[in-house]
Amino acid sequence: MPRTRRPSSRTVVARTFVLVYAAAIATAVLIPNPHAIETFKSNVGMLLRPIASGVISANPTQSGDVVMNIVAFIPLTVFLGIAWRRIPSWVCGIIGTVASMCAETIQYLIPALTRRPDIWNVMENSVGSWLGALIVAALRIHRPPARTGRANRQR
């Protein structure tokens, strides 16, 4: 009977983080109070204003919205890539994009949430997903290959 390899503690932590982070995204998607979301995004935009005054000309809520939509999906795809190393990094980007499409579709299908589903949110989330996928690819290039159990026993 072949032995199954137990995942490393780093893999377990990354998988746990993926589940917790996905739950946090789902919670953010399902919050029925658009005012709370707008206030949060406006606060983020106000923090960004001094940093990117020459680049961002939109009002704080819009700039916070764009930045939050991009940044929110980077950790998801990075930790997906760490948690499941056999999945190609480009698949992590696709998973993030599909998750974003599902989030906006849910907001569209449940009008009681009084949220504003938008194709631009999908595009911005997708940019974050693909940035995360690039980070995963870079981490994999700079990481030495994992040693297998068989190689360890032969030494």
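Helices here are DSSP runs of H or I with at least four residues, strands are runs of E with at least two, and both are numbered from the N terminus. This is a predicted model, in which local features need pLDDT of at least 70 and side-chain atom pairs count only at pLDDT 80 or more, while totals for chains, interfaces and linings use all residues. Residues are numbered from 1 along each chain as its sequence is written, and side-chain values use heavy atoms, with hydrogens and water left out. With that in hand, here is a quick tour.

**Overall fold**
- The protein chain has 6 helices and 0 strands, giving the pattern α-α-α-α-α-α along the sequence.
- Of its 155 residues, 31% count as buried; buried means under 20% relative accessible area, exposed over 50%, and partly exposed in between (1.4 Å probe, protein chains only).

**The loop between H4 and H5**
- Thr 114 sits in the loop between helix H4 (89–109) and helix H5 (119–141).
- Its phi is near 50°, a positive value in a residue other than glycine.
- For comparison, most residues other than glycine have a negative phi.
- Thr 114 counts as partly exposed because its relative accessibility is 46%.

**The salt bridge**
- The structure holds 1 salt bridge, a term for a side-chain nitrogen of Lys or Arg within 4 Å of a carboxyl oxygen of Asp or Glu.
- The partners are Asp 118 and Arg 116, whose closest N and O atoms are 3.2 Å apart.
- Asp 118 is partly exposed because its relative accessibility is 23%, whereas Arg 116 is exposed, with a relative accessible area of 51%.

**A nonpolar surface patch**
- Leu 30, Ile 106, Tyr 108, Leu 109 and Ile 110 make a nonpolar surface patch of about 500 Å².
- Such a patch joins nonpolar side chains (Val, Leu, Ile, Met, Phe, Trp, Tyr) within 5 Å, from residues with over 30% relative accessible area and no salt bridge; like charges are joined within 9 Å.
- The areas come from the Shrake-Rupley method with a 1.4 Å probe, and for residues only the protein chains shown count as cover.
- H4 gives the most to the patch, with 3 residues.
- Leu 109 lies in helix H4 and counts as exposed because its relative accessibility is 60%.

**The largest pocket**
- The largest pocket has a volume of about 620 Å³, the space filled by probe spheres set on the grid points.
- A pocket is an open set of points on a 1 Å grid where a 1.4 Å probe fits, with protein on both sides within 12 Å along at least five of seven lines; lining residues have an atom within 4 Å of a point.
- Of the 26 lining residues, the closest to the centre are Ala 28, Ile 37, Lys 41, Asn 69 and Arg 115.
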